Amino acid sequence: MTPTEQKLAEAAPSTVARQPRWRRALRWFIAILIAVAGLGYSSWVLEFILPIDSNPTNTFLSQLAEKGAPFRWVFSTGDTVSGSLLVAAGIGGLLLFSRRRYTNIGWAALTCFGLSTIADAQWPIEPEDPDGPKRYVDTGLFPQLHQIHALTSTLAVFSIYIAMFAFTVAAFKYRRWPILRHTGLWILIVGSAVTAWMLIADNLPGNYGLGIAQRIQVGAMSLWLVALAVQIVVAERDSGVPNH
């Protein structure tokens with residue numbers, strides 16, 4: 001080890017020790033926000049517990065929160081809370097963590113995902129018959145594609161995948177965040193595969209288990225958010241490397 005390297009090694013612990021306590025607290029706070037949001041975004045699993053007449057194979061999750069649906073408030077509240085927490089976490093991540101190209105993209109996309117999720121909850125799909133009573137109707141998979149809710153859902157999915165890809169690229173490029181390089185990468189691969197399944201099957205006759213595919217997709221999103229939260233907690237502190 002050269003004298004210069006030895007000085008750097010000796011200085012590293014003191015540099016970490018001088019990190020302000022408030023930054024460590026905010027790091028934990030952001031991680032908790034993301035973890036709780038990930039759990040809240042999986043509120044759809046309650047469809048298997050609550051007395052809801054729904055077939056997971058051929059219904060979209062959005063139908064659980066459509067106007068007039070039983071227990072709509074459970075699922076809309078879960079999405080609204082999750083979206084709000086992710087907006088706060090995304091903005092906090094942009095302000096707290098080092099300014100690097102791909103992580104900046106990731107935090108910004110996470111913020112957009114939160115906003116889109118809130119919009120998803122506030123503009124639910126309408127029952128198939130707008131002139132009928134506001135009650136739960138099994139509208140199938142495709143009627144919602146003609147409503148505004150389809151736009152907010154598309155923006156949400158687009159945003160979360162940008163975040164997932166951006167943070168994964170950052171993890172490999174900057175040689176940090178091993179959880180995202182391994183567990184997070186596999187979650188991203190599975191989520192991408194079922195998304196391709198949905199996009200292809202949507203243009204074919206029949207539903208091909210699109211309801212199952214969407215539940216796997218959304219489940220992968222929730223798991224990835226939890227993985228990101230865990231990574232933030234265990235990651236090494238900011239190294240101060242300049243932007244890339």
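A charge counts as sitting over a ring if NZ of Lys or CZ of Arg is within 6 Å of the ring centre and within 35 degrees of the ring normal. What you're looking at is a predicted model, where local features need pLDDT of at least 70, side-chain atom pairs count only at pLDDT 80 or more, and totals for chains, interfaces and linings use all residues. Residues are numbered from 1 along each chain as its sequence is written, and side-chain values use heavy atoms, with hydrogens and water left out.

**View 1. Arg 100 has its charged end over the ring of Tyr 174.** The distance to the ring centre is 4.6 Å.

**View 2. Phe 97 and Trp 107 make a stacked pair.** Rings of Phe, Tyr and Trp (its six-membered ring) pair if their centres lie within 6.5 Å; planes under 30 degrees apart count as stacked, over 60 as edge-to-face and the rest as tilted. Here the centres are 5.4 Å apart and the planes meet at 10 degrees, so "stacked" it is. Phe 97 sits in the loop between α3 (72–96) and α4, while Trp 107 is in helix α4, 10 residues apart. Both Phe 97 and Trp 107 are buried (under 20% relative accessible area, with exposed over 50% and partly exposed in between; 1.4 Å probe, protein chains only).

**View 3. Phe 167 and Trp 224 form a tilted pair.** Their rings are 6.0 Å centre to centre, with 40 degrees between the planes. Phe 167 belongs to helix α5 and Trp 224 to helix α8 (residues 210–234), so this pair ties together parts 57 residues apart in sequence. Phe 167 has a relative accessible area of 0%, and Trp 224 also comes out at 0%.

Notes. Helix = DSSP H or I, 4+ residues; strand = E, 2+ residues; numbered from the N terminus.
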